[in-house]
Amino acid sequence: MEFTRSKALQALPPYLFIEIDKKKKAALAAGVDLVDLGVGDPDKPTPKSLIKALQKASENPAYHQYPFGSGMASYRQAVADWFKKRFGVRLDAATEVVATIGSKEAIGHFPIAFVDPGDVVLCPDPGYPVYAAGARFVGGIPYFMPLLEKNRFLPDFKAIPASVLKKAKVMWLNYPNNPTAATCDLAFFKRAVDFCKKHKIILAHDMAYSEVYEAGQKPPSVLQVPGAKDVAIEFHSLSKTFNMTGWRVGFAVGHPQLVAGLASAKGNLDSGVVSAIQAMGTAALKAPDSLAKSVRSVYKARRAILVGGLKKAGFSVFPSQAAFYVWVKVPRGRTSASFCSLLLDKAGIVATPGNGFGAAGEGYFRLTLTAPEARLRLAVKRLAALRG
Ligand SMILES: *Cc1c(COP(=O)(O)O)cnc(C)c1O
């Protein structure tokens, strides 16, 4: 038998990393010592104290049954307490917080709750592919807002046509940003909140990298804008902050109706976040600042090595101190794809072509800081040889 995939799945853009992935596998099979700076997945283990919390929680029989619902009261309260401490924003744990299975599923499922066929979903380009995929699965139409270097990779709201705005239901933003590593200030969020209120658009902010920044540069939450809760929902994740990508836990916070809508969509699809992992998440959110601080210091040291080496080799790097990505211009005369192929073939470095995140990413490539310093030093040496 042959089975045809749904039109929605077929309509997703071709997976642009396939070419690089094929080359990567071939190089590895040939025994090449590849420096893989392609995938944004923390290489360090989850802190021991959190693993201990999970082990202990796993022995509680109450946690052996369906978790159901929006999350355990203790987890949601820990989220509210953390949010107050980190951003100075008060949240009602009962109505303004929902536990999520990492933030990817929540971002992907959010449109089920609020997007009808034909509704427009505004997505950043370049951007995390899940915003557009989630929209397409429910018949929504992604409209891509180009993020340009001349605008420090912030969208230009004035450039969105009125006809698009009329049909727009959701606007996605993501700062600190993947893939550009750009950040924004509270004044930008204020403009975004005003704009979305004026045009009656849900403002959905993905803040997966809230705690990945260098000292003194704490990224703001959109909910710090007075009145933002009238129009916004923000998606958070413990994955990047605490090296917890493998455990799948996050949360969404904001307007009670947006939180309840997401919880309702999820309630029809999943049965909640594993309780023992919510207990682990609670331990993470209650952990002393030193835990996230030590994660930050690792990326700071790595960034210095990689960015310093890239600059020395003549590359143009977008200056940033947040997220764990380095966003680099491809040399003149090359495309994102052709230069990433060259990097792999001639330098044994895996990079992600910028156009894989959207058309506006063409002309750039992305490197991650999720590899040990020694590997980054090796990459820098090879880059220097390539350009020399
Ligand atoms: C990593 C990432 C996420 C989601 O990570 P989860 O592990 O699903 O919480 C969401 N958005 C962006 C931009 C990311 O890079």
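In the predicted model, Asp 206 has Phe 235 of strand 7 as its bridge partner. Strand 6 (residues 202-206) and strand 7 (residues 232-237) are paired in the parallel sense over four bridges; strands are DSSP runs of E with at least two residues, helices are runs of H or I with at least four, and both are numbered from the N terminus. Two strands are taken as paired if DSSP finds at least two bridges between them. Helix 5 (residues 102-114) packs on the sheet and touches strand 2, strand 5 (168-174), strand 6, strand 7 and strand 8 (250-254), contact being heavy atoms within 4.5 Å. The direction of helix 5 makes about 155 degrees with that of strand 7; axes are lines fitted to C-alpha atoms, for helices over the stretch in contact, and angles run from 0 to 180 degrees between N-to-C directions. Helix 6 (residues 130-137) also packs on the sheet, touching strand 3 (120-125), strand 4, strand 5 and strand 6, and its direction makes about 160 degrees with that of strand 3.

The open sheet consists of seven strands in the order 2-8-7-6-5-3-4, with mixed pairing. Because strand 2 (97-100) and strand 4 (141-146) stand at the edges with a single partner strand each, one side of each is left without a neighbour in the sheet. From one strand to the next, the twist averages 20 degrees.

Another open sheet has three strands in the order 9-12-11, with antiparallel pairing. Strand 9 (325-329) and strand 11 are the edge strands, each pairing on one side only. Strand 9 is joined to strand 12 (residues 364-368) by five bridges, and Tyr 325 has Thr 368 of strand 12 as its bridge partner. Helix 11 (residues 290-312) lies across strand 9 and strand 12, at about 5 degrees to strand 9.

Thr 352 lies in strand 11 (residues 352-353) and is buried, with a relative accessible area of 7% (buried: under 20%, 1.4 Å probe, protein chains only). The side chain of Thr 352 reaches the backbone oxygen of Gly 38 at 3.2 Å. Leaving aside residues up to four places away in sequence, contacts of Thr 352 include Phe 17, Cys 340 and Arg 366.

Residues are numbered from 1 along each chain as its sequence is written. Local features need pLDDT of at least 70 and side-chain atom pairs count only at pLDDT 80 or more, while totals for chains, interfaces and linings use all residues; side-chain values use heavy atoms, with hydrogens and water left out.

How values were computed
Buried means under 20% relative accessible area, exposed over 50%, partly exposed in between (1.4 Å probe, protein chains only). A polar contact is a pair of N or O atoms within 3.5 Å; within protein, one must be able to donate a hydrogen and the other to accept it, and residues adjacent in sequence count only if both atoms are side-chain atoms.
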